[in-house]
Amino acid sequence: MTTLVGFFLRFIIFVSLALLINGLEISLSKRRCILPGITRNLEPASRLENSDHHSLHDGGLVSYDAPSNSCKQRYIVPVVWHVIIDLNKRGDVLDAILQRQIDILNGAFENTSLIFKTESVERIMNETWSSDCLSYIPQFQEILAQSTDMKLNLYTCALKNLNVLGHASYPWSHDEDSVYHGVVIHPGTLPGGAISPINEGDNLVHEVGHYFGLLHTFEGGCEGGDSVADTPATAYPSYDCPDTTPLDSCPHKPGYDPVHNYMGYNQDSCINHFTPGQVERIDKLLGLYRKNLKRLTERPCVIDSVFRWADGYIYFFAGGSYYRYDEISRGIDPGYPQAITEHWRGVPNNIDGVFRYANGITYFFKGSEYYRFNDSKLQVDSGYPKKIKEFWKGIPNGIDDVVRYSNGMTYFFKNDLYYRFNSSTATLDIGYPKQMKQYWMDIPKKVQAAFTWYNGGVFFFKDSKYWLFVPGQNSVDIAYPKSVKNWWSEEEQKYQDYNAFRHLNGYTYFICNKQYWRYNDLKNHIDYTYPHRLSNWINLPANIDGLFVWSDRQLYAFSGEFYYQVVFNVTHSIIRRNISSFWHGVPSHIDAVFRANDGSTYFFKDAQYYRFNDSQRQVDIGYPKPISSFWKGIPNDIGTVLRWSNGQTYFFKDNNYYRFNFTRGAVDDGYPRKISGAWRGVMYKTNSL
């Protein structure tokens with residue numbers, strides 16, 4: 001199963017093989033290995049005899065998990081499959097089976113820093129290799145291997161000796177980019193394969209464990225060890241899965257035999273875990289021997305810079321990778337991360353900052369230089385980089401980050417200072433730099449990244465945490481800091497208890513409990529500094545059911561059995577009455593209300609709607625009716641509804657919105673859509689109000 005160049009191999013196989021290929025898995029019903037004579041003489045740095053994360057206690061393992069709110073950096077390992085088949089396509093494997101195997105591999109390695117993703121699958125028709133695969137492993141690796149320092153090369157071939165199940169190399173066996181790195185397995189051990197009981201996909205898990213430096217749990221017997229502290233000493237491999245009675249082949253040593261460990265020899269149905277110590281060893285050896293496999297971070301815990309580009313997407317930069325963030329799904333878009341060089345041509349890795357300037361041009365900063373990026377050509381303009389001091393007068397080298405703030409000014413951050421750069425004069429404003437605490441209160445010094453949100457707030461990132469600076473109150477929202485992982489894993493905020501209406505001033509307003517947002521129809525996002533406290537504008541109750549501007553140009557809000565008439569004057573005076581006193585036939589506790597294109601007022605509750613006659617001040621005869629009888633495609637129990645500035649009617653429910661077409665009498669094609677993707681900033685709430 002493993003290869004150790006320079007050592008003489010001893011064989012423990014019942015079939016005599018005159019091969020200098022080591023690490024071959026032997027079995028149909030039992031798993032066995034040909035191992036090098038010496039496998040435990042590893043570098044001291046790679047031996048994990050002691051660990052702060054695990055201990056043996058009372059014969060069992062006591063594990064200590066990291067805090068649930070911590071951010072664990074994970075790396076994407078691109079997988080290249082090489083499926084070797086004969087002229088009759090024997091040995092071929094469906095892509096779906098290969099993906100199922102990757103899913104099993106990821107499940108087994110879920111507590112490590114590794115995530116495996118198939119990059120490509122190639123099928124190689126070669127009668128010689130397929131007829132005697134074991135004898136030709138070095139030869140086909142020399143021909144087929146792809147970027148072995150940056151990709152995991154997996155080979156499947158129907159091995160001639162049916163007792164042989166796989167082959168892998170230890171990470172220290174060759175140079176990092178050697179073509180001889182990789183894993184070879186028999187296709188019969190893939191999920192659903194023909195070699196039972198080793199056909200559930202764990203054979204590859206076992207081999208990949210070796211590929212990343214794990215030894216057998218029984219390595220060296222009772223007096224040996226696998227260089228991991230929390231796998232109890234084991235005298236010999238186990239081939240049986242005990243039901244209840246634990247095995248103890250080394251009774252003078254603490255702990256029972258780890259018969260359920262992936263690095264043992266039991267059948268697939270019996271093995272199911274790596275220990276915390278093995279996980280730690282994998283991560284440690286990854287940094288020692290397979291550094292290039294850490295080049296693609298799945299979701300960065302530490303960010304170099306972040307900004308919103310001209311296409312409206314948010315882009316995160318970390319090391320040599322960048323990520324496009326999808327605000328609708330609240331996660332990284334498929335296909336990311338990508339290398340910075342693949343899109344931002346001419347931009348270096350490990351940048352200090354990036355932002356879009358007042359002139360609409362994107363600028364990157366690193367060290368003492370800055371780069372002007374051409375958004376059309378997708379490359380740095382000729383003549384760049386240039387020295388920061390040549391244009392950004394007064395701005396220091398080695399900035400922490402830069403943002404264009406809601407006041408139109410550009411702010412640079414370094415250590416505990418901030419610099420306000422004036423785009424009109426192209427110079428640093430008088431009186432700057434200033435201490436961060438003079439304005440950016442509660443923001444830590446030496447931030448690593450920052451960018452401006454829709455409402456003018458600024459997100460700051462440092463280490464694995466982030467803060468939200470709230471404009472107006474000039475301090476951090478009380479809910480912060482939070483773990484960076486919330487950007488990738490936080491549950492989608494729900495559009496609950498929201499109400500919306502079009503004001504006479506031409507703005508759209510969203511209200512939820514004690515907060516309200518002013519939505520700018522032209523910019524397609526909420527205005528700067530919002531949300532605001534509702535009581536500072538209109539003193540309405542927190543539990544509003546629905547509200548709208550009626551034909552008399554006054555605002556009417558409904559809550560329970562009451563309605564509130566808001567007179568738009570200096571004081572915004574409010575009159576409260578029972579719904580039944582004026583809105584005859586309208587039920588209490590409505591879901592929503594609006595005034596439609598035809599001039600009628602419609603109320604909605606549960607699965608019904610009511611058409612209100614403004615002249616007679618009562619619900620028309622024949623109502624209520626089922627929502628589905630007229631509003632085709634609109635769900636029951638809607639959240640709110642409004643007629644927007646473009647004349648279209650929009651219904652909102654949960655996290656989706658629907659555009660209703662009065663001409664067709666149905667919801668338009670392509671709907672519902674995500675609220676967060678179009679009504680940008682509305683889903684943002686603050687705990688400070």
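How many residues lie between β35 and β36 in the hairpin they form? Five, and Arg553 in that turn has a positive phi of about 65°. This is a predicted model, so treat every value as computed from it.

Some context on the chain. It has eight helices and 48 strands. Of its 689 residues, 54% count as buried. Taking contacts with a separation of 6 or more, 55% are between residues 24 or more positions apart.

Strand β35, residues 546-549, runs antiparallel to β36, and four bridges join the two. One of the pairs is Val549 with Leu555 in β36.

On its other pairing, β36 is joined by five bridges to β37, residues 562-566, again antiparallel. Phe558 has Tyr563 as its bridge partner in β37. These two strands also form a hairpin, with two residues between them, and Gly560 in the turn has a positive phi of about 60°.

Now β36 itself, residues 555-559: is it covered or open? Five of its five residues are buried. In a regular strand the side chains alternate between the two faces of the sheet. Here Leu555, Ala557 and Ser559 are buried on one side, and Tyr556 and Phe558 are buried on the other.

Technical notes
Residues are numbered from 1 along each chain as its sequence is written. This is a predicted model: local features need pLDDT of at least 70, side-chain atom pairs count only at pLDDT 80 or more; totals for chains, interfaces and linings use all residues. Side-chain values use heavy atoms; hydrogens and water are left out. Buried means under 20% relative accessible area, exposed over 50%, partly exposed in between (1.4 Å probe, protein chains only). Contact means heavy atoms within 4.5 Å. Two strands pair if DSSP finds at least two bridges between them.
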